[in-house]
Amino acid sequence: MTKTILISAPYFLPFVDKFKPVFDHYGLEMLIPEVHERLEAEDILKYAGKFDGTICGDDRYDARTIMACLPRLKVISKWGTGIDSIDKVGAEHMGVEVRNTPNAFTLPVADSVLGYILAFARRQPWMDKQMKQGIWDKIPGRSLSECTLGVVGVGNCGKGVLRRAQAFGMKLLGNDIVPIAPDFILENGVEMTSLQDLLERSDFVSLNTSLNPTSRHLINPETLAWMKPTAVLINTSRGPVVDEPALINALQSGQIAGAALDVFEHEPLPKDSPLLAMDNVMLAPHNANSSPSAWERVHWSTLRNLLESLDLDTADLESFM
C-alpha cells in the first residue's frame, strides 16, 4: 500500500514542490492540510488513520491523538529541535518513532540573542524612533564590556550565546541542571552558578533551556524578584518557560527594565496582550531560527529521519540534494 505523509511543518510547506521528486521517488503521497502556525490535536484528528508518517512543526501530538492515528502512524518527524508538543514517551510506547534535528538553529538563535543585547545596551531602536519623531535626545547606553550576561540553559544555543558574548568582553554566568564540559567553561571564562545568584547579578538574562517539567514557569514572580531593576530578560527558547502574566507585571511595575521575546505562552501572541503596548519590550513572531542555510539543512535532515523510520533506503537521497 502506498504510504502517505502528512506535511504540516510551516517552514517546510512553502518548499513542497522542491521536494516532490523525492516523495515520488520513494512512492510517497503528500497530504497537505491548511496550517496556521501549528495543528492542534483536533486538527490532527481529522486526518487520523490517513497517514503513515508526518513532517510536523509544533503540532499537538498528545497520547490520545497518537492513539487515534494508529495503526498506520509509524513516525513523527519534527522539523526542528523542540519536541515538547509531542508525547514522545507515549508515542514510543505505542510503537511510533519520534525524530527531531538537534542543534538545528544554534547559530541564528545565538545571533538573535546578541542582537537583542546590543539593541538594549546601545539603545539604537529607541534613538531611531525618537529621531524620526523629531526628538534630538542622547539616550545613555552601555558598553557590553560593562555588563554581565547570565545564560540559563548551557546547551548548544546557550554555548553559542556565551561564545559570542565573550568576544564583546562581557562577564559570563551560566546555569544548568546538567554538568557542563570543563573545557568549555575554562575556554570561555564562564562562571557556573545557581539560578538565584545568576539572576541577582546579571544585566541581561538569556533563556536557552528546553521546555520540560523543571523549566516550565522557571521565570515566575519569585525568580523575577531576584532580578535587578535594570536587567533585561531575553527568551528565545520556549514561551512557557516564562510565566507571562508575572513578566507583564514585572515590566509594568519597573521590577525589571525590559524584555526581548521571540516565543510566548500562546502563539500567535493574542492581539490584546499588554506586551504589544510596552515601549521597553522587543517582540518577534517565533522567528529566531531564521536562516536559509539552517532551514535547508533541517529540510533534508527531517526528510532523512522520516525515510529511515519508514525503513526506506536513503542511499539515493544524496542525488536530490
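**Sheet and core in a predicted model**

Student: In this predicted model, what makes Thr54 in β3 the partner of Leu6?

Tutor: Thr54 is the bridge partner of Leu6 in β3, and this bridge belongs to the pairing of strand β1 (residues 3-7) with strand β3 (residues 53-56), which run in the parallel sense.

Student: How do you know that β1 and β3 count as paired strands?

Tutor: Two strands pair if at least two bridges are found between them; β1 and β3 share three bridges, and therefore they meet the criterion.

Student: Why are β2 and β5 said to stand at the edges?

Tutor: The open sheet has five strands in the order β2-β1-β3-β4-β5, with parallel pairing. β2 (28-31) and β5 (97-99) each have a single partner strand, so one side of each lacks a neighbour in the sheet. From one strand to the next, the twist averages 20 degrees.

Student: What makes Phe23 a residue in contact with Leu303?

Tutor: Contact requires heavy atoms within 4.5 Å, and Leu303 is among the residues that Phe23 contacts when neighbours within four places in sequence are left aside; Ile5, Ile7 and Phe12 are also among them.

Student: Which residues have the most contacts inside the largest nonpolar core?

Tutor: They are Phe12, Phe23, Tyr61 and Leu303, in a core of 42 residues. Membership requires burial, that is, under 20% relative accessible area, together with joining through side-chain atoms within 4.5 Å. β1, α1, β3, β4 and α12 each supply at least two residues, and the largest share, seven residues, comes from α12.

Methods: Residues numbered from 1 in each chain as written. Predicted model: local features only at pLDDT ≥ 70, side-chain atom pairs only at ≥ 80, totals over all residues. Heavy atoms only, no water. Helix = DSSP H or I, 4+ residues; strand = E, 2+ residues; numbered from the N terminus. Axes fitted to C-alpha atoms, helices over the stretch in contact; angles between N-to-C directions. Buried < 20%, exposed > 50% of the residue type's maximum accessible area, 1.4 Å probe, protein only.
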